[in-house]
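Work through the exercises below with the model open. Each task is followed by its solution.

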Amino acid sequence: MSEDGHEQNAHENVPSRQRRRFPGISSRAYEHPADRSALVALRKLTGFDTVFKALSGLLPERSLRLLFLSDSVRVSDQQFSHLNDMLRDACYILDLEKVPPMYVTQDPQPNAMCIGLDEPIIVVTTGLVELLDEEEMRAVVGHEVGHALSGHSVYRTILLFLTSLALKVAWIPLGNLAILAIVTALREWFRKSELSADRAGLLVGQDLRASMRGLMKIAGGNHLHEMNVDAFLKQAEEFESGGDLRDSVLKILNVLPRSHPFTTVRAAELKKWAESRDYQRIMDGHYPRRSEDKDTSVTDSFRESAASYASNVKSSKDPLMKLVSDIAGGAGDLGGRVRRGFGGFASTSPQDGPPTESANGTEQPPTDTPPRDED
């Protein structure tokens with residue numbers, strides 16, 4: 001191929017291997033139902049854009065842009081060119097017309113984020129770049145481009161701002177509580193948006209094993225010869241189904257401070273989606289288009305979100321979720337079930353049957369160290 005031909009192909013963002021492209025794809029195609037319903041509702045609000053543009057003047061977005069420009073390396077054909085190729089490939093596959101600027105910042109902690117109110121910017125740390133191979137990194141870049149296509153960067157920036165504000169006004173009881181309530185709600189939404197972006201990463205990379213390896217490395221470091229995807233997924237199953245009602249409560253408390261779901265949970269959710277009919281339909285070219293977004297019904301989106309939560313509760317193996325499902329189904333002996341649940345099923349009355357040992361053994365106190373927050 002001639003030099004001019006090579007330059008033209010690079011400019012046209014042709015992927016390094018043949019991958020399916022999704023012209024005009026709407027982010028609704030890969031968004032988690034809870035994420036999608038929130039976004040559809042926000043987009044339908046009259047004056048929503050005006051409010052956020054006004055709010056942008058209060059946020060340190062310009063400062064962040066200048067900070068990354070001055071103290072990080074901007075990805076281009078001359079700098080981190082392999083990442084630049086991945087970024088353009090991801091935008092080409094998801095049909096994102098404007099390629100967002102991307103920066104590599106010195107930080108040993110593996111992390112990536114997409115922030116910005118007016119225009120999204122993508123930031124990846126050196127720890128992440130050094131940890132992942134090319135196909136794993138491609139899934140991460142696709143993950144961040146998925147955030148950009150969905151418009152998540154706006155709400156991510158708001159979340160960062162409010163989290164910082166909550167610390168500054170901690171001495172004001174009511175003000176702090178109000179902000180923390182908003183932050184908690186935003187974190188619950190953002191955890192679902194991370195599942196959406198994981199799906200976008202799979203649509204870009206189109207290699208489920210690479211996506212799984214990347215999540216495993218984020219959890220356990222660069223020791224693939226010591227790890228196994230199937231065993232990693234079994235951890236997610238054990239996390240969901242193990243223990244008693246006390247463990248269920250601890251799981252909720254552990255995840256509340258996080259903006260990301262636990263890594264094993266993300267891997268299990270992504271595998272489940274990759275095996276679904278929805279994913280196959282997208283790969284076959286049947287997906288919602290951006291041109292149809294304006295006609296999306298808020299009511300339908302909320303209905304889909306509610307149905308998704310109900311389905312998750314019904315199929316969940318978590319003790320608390322099983323109890324909720326039993327209550328919804330009109331199961332009897334509720335008091336006995338709750339007593340057995342919080343007793344680890346170790347202490348039961350004669351009519352409840354023979355005692356059994358708790359699956360979790362002794363209860364472990366929750367750690368005070370905040371978990372990592374990474375993509």
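**Exercise 1. State the accessible surface of the protein chain and the share that belongs to carbon and sulfur atoms.**

The accessible surface is about 19900 Å², and carbon and sulfur atoms hold 56% of that area. Areas come from the Shrake-Rupley method with a 1.4 Å probe; for residues, only the protein chains shown count as cover.

This is a predicted model, in which local features need pLDDT of at least 70, side-chain atom pairs count only at pLDDT 80 or more, and totals for chains, interfaces and linings use all residues. Residues are numbered from 1 along each chain as its sequence is written, and side-chain values use heavy atoms, with hydrogens and water left out.

**Exercise 2. Classify the ring pair of Phe22 and Tyr287.**

Step 1. The ring centres lie 5.9 Å apart and the planes stand at 85°, so the pair is edge-to-face. Rings of Phe, Tyr and Trp (its six-membered ring) pair if their centres lie within 6.5 Å; planes under 30 degrees apart count as stacked, over 60 as edge-to-face and the rest as tilted.

Step 2. Phe22 sits in the loop between α1 (3–11) and α2 (33–44), and Tyr287 in the loop between α14 (277–283) and α15 (298–315), 265 residues apart. Helices (H or I, at least four residues) are DSSP runs, numbered from the N terminus.

**Exercise 3. Decide whether Phe22 and Tyr287 are buried or exposed.**

Buried means under 20% relative accessible area, exposed over 50%, partly exposed in between (1.4 Å probe, protein chains only). Phe22 has 1%, so Phe22 is buried. Tyr287 has 9% and also counts as buried. Of the 375 residues of the chain, 44% are buried.

Note on methods:
Helix = DSSP H or I, 4+ residues; strand = E, 2+ residues; numbered from the N terminus.
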